[in-house]
Amino acid sequence: MTKPSLPDLLHAAVSAVGGTERPGQVAMAEAVGEAIDDNSHRLIQAGTGTGKSLGYLVPALAHGERVVVATATLALQRQLVERDLPRTVEALHPQLRRRPQFAMLKGRSNYLCLHRLHEGAPQDEEEGLFDQFEAATPTSKLGKDLLRLRDWADETETGDRDDLTPGVSDKAWAQISVSSRECLGATKCAYGAECFAEAARERAKLADVVVTNHALLAIDAIEGAPVLPQHEVLIVDEAHELVSRVTGVATGELTPGQVNRAVKRAAKLVDEKSADSLQTASESFERVMELALPGRLEEIPEDLGYALMALRDAARNVISAIGSTRDKSVHDEDAVRKQALAAVENIHTVAERITNGSEYDVVWYERHDRFGATLRVAPLSVSGLLREKLFEDRSVVLTSATLKLGGDFNGVAASLGLSPEGVEGDDVPVWKGLDVGSPFDYPKQGILYVAKHLATPGREGTRGDMMDELAELIEAAGGRTLGLFSSMRGAKAAAEELRGRLDNPILLQGEETLGELIKAFAADPKTCLFGTLSLWQGVDVPGPSCQLVVMDRIPFPRPDDPLMSARQKSVEERGGNGFMAVAATHAALLMAQGAGRLVRASGDRGVVAVLDPRLATARYGSFLRATLPDFWYTTDRNQARRSLAAIDAGALAEGK
C-alpha cells in the first residue's frame with residue numbers, strides 16, 4: 001500500500017474541523033515531516049491563525065512512532081486532547097488504516113490521591129493527626145471544597161484536577177494530592193490498583209501521542225528518572241515559555257516555615273538525638289532568615305553558611321535514621337514516613353546545593369510582607385541542560401507565534417543551548433528556522449501606536465500623563481480595551497483612577513477567576529480588562545470586544561531581579577551585550593505575546609498602544625518593534641484616536 005501523502009492527510013484533517021488549509025500551515029506540516037524523517041531539529045514561528053496544532057499533529061500521527069507534545073498552558077493541553085486529536089485521528093483513519101492512540105500525562109500532584117483522600121493527610125504535630133474532612137468546618141470555603149472533592153472522587157474517571165469544574169483552592173487540593181516524593185508507590189499502596197496517576201502513566205505507555213506540559217518535560221530531563229515514555233520525536237508548542245518553565249523546575253527554595261514543618265514531621269520517626277539536632281539547625285536557620293535583606297548573595301555570608309551546613313548534616317542524619325525507627329502511636333506510618341522523608345530530603349538537597357556553591361547557580365533572598373524571607377537558588381542558565389537532555393537521541397520541533405526576536409531565531413536558539421543557525425560541529429545540534437507567517441493582513445488590520453509625547457516612565461510613582469492618555473484612548477475606542485501592565489500595582493492604580501473617570505466597566509485581574517473575567521470582557525464591548533503577566537499571554541477574545549490593547553510600559557525585568565541581573569552580568573563578562581541578550585529579549589517576547597492579543601481572526605481590527613516613548617526613541621526600540629506583528633506604525637496621537645473612533649463606529653453599525 002502506498003503511504004498517504006502529507007498534503008492529502010492535512011487536507012482531510014482540516015476539512016474535518018470545517019476549515020481550509022493555509023499556506024503557512026502546509027509549509028509547517030512539511031517542515032515537521034522533514035524533521036521527523038531525517039531526525040533533525042526545527043524552530044518554527046507560526047503566527048496566530050496559522051492552525052499550528054494541525055500543522056504538527058498531522059505529521060506526528062502519520063509518523064507511526066511515539067511522539068511527545070509538550071505545551072505550556074492548560075488551555076492548549078485541553079484543546080489538543082479534547083478537540084484537535086479526536087477529530088484528527090478520525091479524519092486520518094481512512095487513509096492511515098489505523099487509529100493512533102493519545103493520552104495526557106502530568107505530574108503526580110495534578111491527580112487526586114485515593115490514599116490521601118481515604119486515610120487523611122499526615123498533619124503537623126500541633127494540629128494532631130486528624131481527618132481533614134472532619135476538621136474543616138463544613139460551612140467554611142475549605143470545608144465545602146473538601147466535601148465537593150470527596151463527592152467528585154466517586155464520579156471522576158481521571159482524577160485530574162483540571163477536570164474538576166469549578167476548581168478548588170490550592171490549600172484544599174493539597175489535602176488530597178501527593179508529590180512524587182511523597183507517593184508510597186503503587187506496589188506498597190492499598191489503593192495502588194486504582195491510582196489515577198498510575199492509570200495515566202499506563203495510558204501514556206500505550207499511546208502514540210502523549211500530551212504533557214513543559215514542567216514535566218523539565219522534570220524528565222533534570223531528575224534522571226524517566227517520567228515520560230520513550231519517544232523518537234518531541235514537539236514543544238508555546239516554546240517561548242520553555243526556558244522559564246525549566247528554570248522554575250530547576251529552582252530550589254528554603255523557608256523557616258518549610259524547615260519547621262519538616263522537623264515536626266520527622267520528630268516522631270527518629271531517635272531524640274537526630275530530632276534535636278535538626279530542631280537546633282532549624283532554629284539557627286530561622287534566626288539568620290529574620291535578618292535577611294532581599295537581593296542576590298554573590299558570596300554566602302558566614303552565618304548563613306554555618307546554618308546551611310548544620311541543616312544539611314542534620315537532615316542527612318534524619319534521612320539515615322528515619323528508616324529504622326517505628327513509633328506505634330503513629331497512624332498510617334508508611335505515609336507519614338514518606339511525607340517526612342520528602343520534606344527532609346528537599347531541605348538536604350537545597351542546603352547542600354547552596355553550600356557547595358556552584359558558579360553556575362544564583363542564590364538570593366526574597367522577602368514577602370506576609371510570609372517572611374525565602375532563600376532561593378536557580379541555575380544561571382539552563383541552555384547547557386537543554387542542549388544535553390533535549391536534543392540528543394530524538395528529533396525536536398519547537399514552535400510558537402513568537403520565536404524570532406529582532407528579526408531572527410538566534411536569540412531564542414541561544415537560550416535553548418543551540419549555536420547560531422547553520423553552525424556545525426561535533427557536539428552542536430544542527431537546526432533550521434522557518435517563519436511560516438500569519439494568514440492575517442497585519443498592516444491593514446492593526447495599528448501600532450507609540451505615545452512618543454509622554455514622559456519616560458520612572459521606576460516608581462503615578463504617571464499622570466499616561467493616565468490621561470489611557471482614558472482618552474479608551475473613550476475613543478468605546479471601551480473594548482485590554483490593558484496590559486508591567487506590574488500588579490500599575491494595573492490596580494489605573495483601574496482605581498479610571499473607574500472614577502469613565503463610565504465603562506473596568507475589570508481587574510485578581511478580583512475574579514481569570515476565566516470569569518475573560519468571559520465578562522468578551523460579553524460586553526464597553527468593558528475593559530486590566531491585568532498583568534497571565535493576560536499578556538492567556539487572552540483569546542476575537543471580535544469587537546477587544547479592539548484596543550494597551551501596554552503601559554516596555555516590560556523589562558525589574559533591575560533588582562537577582563536572576564535576570566545575574567544572567568545579564570554573565571553575558572557581559574563573556575564580552576556580549578547583556579542588556580540586549582537578557583532584558584531586551586525578555587521584553588520583546590512579552591510585547592510580541594501582548595500585541596498578539598489584538599488580531600485573533602481575519603475580521604479583527606484595532607490598535608496596539610504602547611504608552612512608553614522609548615519604543616520610538618531608544619536605540620533598542622527598532623529591535624523590539626521588529627519582533628511585533630507588522631502593524632501600520634504611527635506616533636500621531638490624533639491618528640490613533642480617529643482610527644479607534646472609526647473602528648468603534650463600524651462595530652456599533654454592525655450591532656456589536
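Predicted model: local features only at pLDDT ≥ 70, side-chain atom pairs only at ≥ 80, totals over all residues.
User: Let's begin with His 41. Why is His 41 called buried?

Analyst: Buried means under 20% relative accessible area. His 41 has 5% relative accessibility, so His 41 counts as buried. His 41 is found in strand β1, residues 41-45. Leaving aside neighbours within four places in sequence, the residues in contact with His 41 include Phe 391, Arg 394, Pro 429 and Trp 431.

User: Now the helices. Why are α1 and α2 called oblique to each other?

Analyst: The axes of α1 (residues 6-16) and α2 (residues 23-37) come within 10 Å and cross at roughly 130 degrees. Roughly perpendicular covers 65 to 115 degrees and roughly antiparallel begins over 145, and the rest above and below these ranges, apart from angles under 35, is oblique. The two helices are therefore oblique to each other. Their crossing is right-handed. Among the residues making the contact are Leu 6 and Leu 10 of α1, with Ala 29 and Gly 33 of α2.

User: How do you know that β13 and β16 pair?

Analyst: Pairing takes at least two bridges between the strands. Strand β13 (residues 481-484) and strand β16 (residues 548-551) are joined by 4 bridges, so they pair, and they run parallel. One of the bridge partners is Val 549 in β16, which faces Leu 482.

User: What makes β14 and β18 the edges of their sheet?

Analyst: That open sheet has 7 strands in the order β14-β15-β13-β16-β17-β12-β18, with parallel pairing. β14 (506-508) and β18 (632-634) each have a single partner strand, so one side of each is left without a neighbour in the sheet. Neighbouring strands here are turned by 15 degrees against each other on average, direction ignored.

User: And β5: which strands is β5 joined to by bridges?

Analyst: Strand β2 (residues 67-71) is joined to β5 by 4 bridges, and another 4 bridges join β5 to strand β10 (residues 395-400). Both of these pairs run parallel. Ala 70 stands opposite Val 236, while Val 233 stands opposite Ser 395.

User: What makes both faces of β5 covered?

Analyst: Val 233 and Ile 235 are buried on one side of β5, and Leu 234 and Val 236 are buried on the other.

Note on methods:
Residues numbered from 1 in each chain as written. Heavy atoms only, no water. Axes fitted to C-alpha atoms, helices over the stretch in contact; angles between N-to-C directions. Buried < 20%, exposed > 50% of the residue type's maximum accessible area, 1.4 Å probe, protein only. Contact = heavy atoms within 4.5 Å. Left-handed = near helix turned anticlockwise from the far one by under 90°.
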